[in-house]
Each structure stands twice: as structure tokens, then as C-alpha cells.
Amino acid sequence: PVETTLDRITGEAHIMIPELNTDMYLYNFRNLPYYRIIANLSGVSDMMIPTGGSAYKSPYYSYCDPEKGVYESEWIPTLGVQPALDIPLQYPMEENPVPEEMTMLLCVGIEFGKMGVGNIPMAVKYAGSGKIVRVG
């Protein structure tokens, strides 16, 4: 089970993934040799109808810090045991405070890959999944 925390006041989030036996808990339907974990903490604006208007309008744009709000693990072999991961993420509260009309989203995904040019793993299209794990 993946455990998550999200603090809207400080803009901090954590995703804790326990040690994972990939033979039992990883559904690798295409039998690809590698995978990686991707996580994201961002703010997304709620939709509103302006006074006297008839169409939904978004008052803000979505926002994410590409350095502290996004995580990509190294490529991990799909066979064996993955050590536990603790993924800290940070929303840039100083540059862009979270207004009431913004919802914080904590997302995690898995991306599968195969060996590419120069013996470097590369992502395979349509071989992965993602989920919003916490909203705040």
C-alpha cells in the first residue's frame, strides 16, 4: 500500500512506497524490462461561473515547480525487489501562494521502458498508468 501526506498550508507532500517484490505486485503485461516511478505535486484552479456570466471560467492557471514538485526515479529492473521509496515534493508557496480557489493534486504514476539507442532505457508508449492519490 502506498502512503501519502499532503499539507496545503506548507505546500509539502510525501509519497511512501514500501519495499516491492515485483514478481508479486507489479503488473507488467507487456513484459518490459524496466520501469520508473513518477510523482507530481501541483495546483489546479477550480472552475467558476463569473457573476452575470453563463460560461465556466478558470481564474488561475495550474502551477507546479519543475524542480521540487516533480519526481522521476531512475529506471528500475522489473525483476526482483525494489527498495522502499520516500518521495518528498514541495509546492513553491513563496512564489505562488495557494488561493482558496486552487486545489492541490498529488499524483503518482508508473512508466515502463525498454532498452533504446546507446543502451539507455527509454519509455514505451501506452505502457504505464497514473493516479491522483490525494487532493487538498
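# Close-up views of a predicted model

**View 1. Strand 4 and its partner strands.** In strand 6, the bridge partner of Tyr34 is Pro77. The model shown in this and the following views is predicted. Strand 4 and strand 6, which covers residues 76–77, are joined by two bridges and run antiparallel. Strand 4 is also joined to strand 5 (residues 70–72), in this case by three bridges and again in the antiparallel sense, and here Asn40 stands opposite Val70 of strand 5. With strand 9, strand 4 forms an antiparallel pairing over 12 bridges, in which Ile37 has Ile110 of strand 9 as its bridge partner. Nine of the 12 residues of strand 4 are buried, so this strand is largely enclosed by the rest of the structure. As background for the student, strands of a sheet pair through backbone hydrogen bonds, and they do so either parallel or antiparallel.

**View 2. The ring pair of Tyr35 and Phe112.** The count of aromatic pairs comes to two. In the pair formed by Tyr35 and Phe112, the ring centres are 6.4 Å apart and the planes stand at 45 degrees, so the pair is tilted. Tyr35 belongs to strand 4 (residues 34–45) and Phe112 to strand 9 (residues 102–115), so the pair ties together parts that are 77 residues apart in sequence. Are these two residues, Tyr35 and Phe112, buried or exposed? Tyr35 is buried, and Phe112 is buried as well.

**View 3. The largest nonpolar core.** This core holds 25 residues, and those that touch the most other members are Ile15, Tyr35, Ile37, Leu41, Ile87, Leu89 and Tyr91. Two or more residues of the core are given by each of strand 2 (12–17), strand 4, strand 8 (85–90), strand 9 and strand 10 (121–135). Strand 9 supplies the largest share, which is five residues. In soluble globular proteins, nonpolar side chains tend to be buried together.

**View 4. The surroundings of Ile15.** When residues up to four places away in sequence are not counted, Ile15 touches a set of residues that includes Val2, Glu3 and Thr4, together with Ala39. Among the other contacts of Ile15 are Leu85, Asp86, Ile87 and Leu89, and also Leu106, Cys107 and Val108.

View 5. Although Tyr25 and Val81 are 56 residues apart in sequence, they are 10.0 Å apart in space, C-alpha to C-alpha. Where in the protein chain is confidence lowest, and where is it highest? Confidence is lowest in helix 1 (residues 22–25), at a mean of 90, and highest in strand 1, at 97. For the protein chain, the mean pLDDT is 89, and 91% of the residues reach 70 or more.

How values were computed
Residues numbered from 1 in each chain as written. Predicted model: local features only at pLDDT ≥ 70, side-chain atom pairs only at ≥ 80, totals over all residues. Heavy atoms only, no water. Phe/Tyr/Trp six-rings, centres within 6.5 Å; stacked < 30°, edge-to-face > 60°. Helix = DSSP H or I, 4+ residues; strand = E, 2+ residues; numbered from the N terminus. Buried < 20%, exposed > 50% of the residue type's maximum accessible area, 1.4 Å probe, protein only. Core = buried A, V, L, I, M, F, W, Y, C linked by side-chain atoms within 4.5 Å. Contact = heavy atoms within 4.5 Å. pLDDT = per-residue confidence, 0-100. Pairing = 2+ DSSP bridges.
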